[in-house]
Amino acid sequence: MTHVFDRDERIRIEVQADWSVETLLKQVGMVPLRDAIKILPIRSADVVRACHELEKAGKDAYLVMGARKLWQSWILRMVVFAPFYRAKLMPKYQAVDPSWDSETVLNQVGTFLLSEVYRLTPFSAHQLRHQCQLLKDSRQVMGVYKHPELKRYLVDMPVFRRWLKKLWTEGTPTLSEQSPSSKDHK
């Protein structure tokens, strides 16, 4: 007699709201994508996009990444999805803690989403994206840049902190003053 489901595919996991990302990724069984994204710091569109990219490359997304759509719902096979997530989908940024204020976020080390950081600054996301677009190398100058794969604006906090401190204390520089020079690259 042949089996339809492997052992782990027979288990439906009920995701708990207090689980960490690691707790979810260690599960053995099937998880609805809509439940997984409540824990994982990604969007369902990121998972769907990865599936479509694999399919365009002629690969079976379920075998490679453990995600598939059945009727109107996406499901994840965690024993396959977890390693794929760690290798390909894990965000290249950290989450801003909701309890942080502007000074706390500015003292962090790492990369964060602009959509979360701007709320703790006196600037709008539009203003920061606009400044980013005006600069030749915005990541080096102001720490804000559009990630080419994620297609989202990120903030490199140590660079952003220096740029914001200078902007706040000295006022608005001209574009020529913002461009990196040899003295900025030590």
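**Close-up views of a predicted model**

View 1. Leaving out neighbours within four places in sequence, the residues in contact with Ser138 are Cys132, Gly143, Val144 and Tyr145, where contact means heavy atoms within 4.5 Å. Ser138 belongs to helix H9 (residues 138–141); helices (H or I, at least four residues) and strands (E, at least two) are DSSP runs, numbered from the N terminus. With a relative accessible area of 7%, Ser138 is buried, the classes being buried under 20% relative accessible area, exposed over 50% and partly exposed in between (1.4 Å probe, protein chains only). The model is predicted, so local features need pLDDT of at least 70 and side-chain atom pairs count only at pLDDT 80 or more, while totals for chains, interfaces and linings use all residues. Residues are numbered from 1 along each chain as its sequence is written, and side-chain values use heavy atoms, with hydrogens and water left out.

**View 2. Trp71 in the loop between strands S2 and S3.** Trp71, which lies in the loop between strand S2 (67–70) and strand S3 (73–77), has a positive phi of about 55° although it is not a glycine. At 79% relative accessibility, Trp71 counts as exposed.

View 3. The 14 residues of helix H10 (residues 157–170) should span 20 Å at 1.5 Å a residue, and the end C-alpha atoms are 19 Å apart, which agrees; the expected span is 1.5 Å times one less than the number of residues. The buried residues of H10 are Met157, Pro158, Val159, Phe160, Trp163, Leu164 and Leu167.

**View 4. Confidence along the protein chain.** The mean pLDDT of the protein chain is 88, and 92% of its residues reach 70 or more, pLDDT being the predictor's confidence in each residue, from 0 to 100. Among the elements of the chain, strand S1 (residues 30–32) has the highest mean pLDDT (97) and helix H11 (residues 175–178) the lowest (51). Over residues 181–186 pLDDT stays under 50, and for this stretch the model has 3 contacts beyond four places in sequence.
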